[in-house]
Amino acid sequence: MNPEMKKIIEEKINSAAVFLFMKGTPEDPQCGFSAQVVSILNDLGIEFDSFDVLSDENLRQAIKEYANWPTIPQLYVNGKFIGGCDIVRELAASGELMELVVK
Amino acid sequence: MLNRIRQKLEAAFPGAKVQIADTSAGHETHNSSGAHLAVSITYQGFAGKSLLEQHQMVYAVLKEEMKEQVHALKIKTRTE
């Protein structure tokens with residue numbers, strides 16, 4: 001991956017304790033999976049920043065490579081990749097997501 | 001496509017129990033980008049790996065499919 005793109009990604013994921021790459025915005029998600037993650041974070045009262053990958057096709061492809069993860073949404077906590085919708089849901093249900101966030 | 005995906009997963013994870021379903025119905029509005037599938041895999045080799053690593057192992061096997069044919073893959077992994 002080109003270093004410029006890597007830098008852009010790392011700036012984003014480190015810009016907030018909890019950062020979500022999603023389709024659309026938290027107020028207007030453009031995909032059911034992104035909507036689910038937003039809803040889980042909101043239900044737990046977890047504050048997060050997000051980026052709409054539909055606004056940047058190059059970044060959208062680059063984050064898949066960066067995280068070794070082929071789909072969107074992608075959740076980061078403290079700069080570390082956590083997973084997509086299924087993992088976020090399982091971690092939320094087990095209480096582990098909250099633990100990661102308050103750590 | 002379902003059979004081919006099942007064969008790939010069974011070949012990659014020897015002895016695994018693989019269930020796969022096409023859940024595309026209900027997603028017609030954005031079906032142009034590929035199928036919605038759900039897989040459930042029970043595989044001893046997942047033991048000791050994090051959930052993230054387990055899902056990455058599944059995605060690695062289906063790398064080609066994820067590029068074009070599959071829009072979303074719901075994954076459930078178990079060790080036993």
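Author: Two strands pair if DSSP finds at least two bridges between them, and strands (E, at least two residues) and helices (H or I, at least four) are DSSP runs numbered from the N terminus. The model is predicted: local features need pLDDT of at least 70, side-chain atom pairs count only at pLDDT 80 or more, and totals for chains, interfaces and linings use all residues. Residues are numbered from 1 along each chain as its sequence is written, while chains are lettered from A and ligands numbered from 1 in the order in which they are written.

Reader: Which strands of chain A stand at the edges of the open sheet of four strands?

Author: The sheet has mixed pairing and the order E4-E1-E5-E6. Two of its strands have a single partner strand each, so one side of each is left without a neighbour in the sheet. These edge strands are E4 and E6 of chain A.

Reader: Which residue in E6(A) stands opposite Leu75(A)?

Author: Strands E5 (residues 74–77) and E6 (residues 80–83) of chain A run antiparallel and are joined by three bridges. They form a hairpin with two residues between them, and Asn78(A) in the turn has a positive phi of about 50°. Opposite Leu75(A) stands Gly83(A).

Reader: What is the bridge partner of Phe21(A) in E5(A)?

Author: Strand E1 (residues 18–22) of chain A pairs with E5(A) in the antiparallel sense, over four bridges. In E5(A), the partner of Phe21(A) is Gln74(A).

Reader: Is Leu54(A) buried, partly exposed or exposed?

Author: Leu54(A) lies in the loop between strand E4 (49–52) and helix H3 (57–67) of chain A. A residue is buried if 20 or more other C-beta atoms, placed from the backbone, lie within 10 Å of its own, exposed if 12 or fewer, and partly exposed in between. Because Leu54(A) has 15 C-beta neighbours inside 10 Å, it counts as partly exposed.

Reader: Which element gives the largest share of the side of chain B that touches chain A?

Author: Residues are in contact if their C-beta atoms, placed from the backbone, lie within 7 Å, and the contact takes nine residues from chain B and nine residues from chain A. On the side of chain B, helix H2 (51–61) and strand E3 (70–78) are the elements that give two or more residues. The largest share, five residues, comes from H2(B).

Reader: What ipTM does the predictor give the complex?

Author: The predictor gives the complex a pTM of 0.90. Its ipTM is 0.85.

Notes: Two residues are in contact if their C-beta atoms, placed from the backbone, lie within 7 Å.
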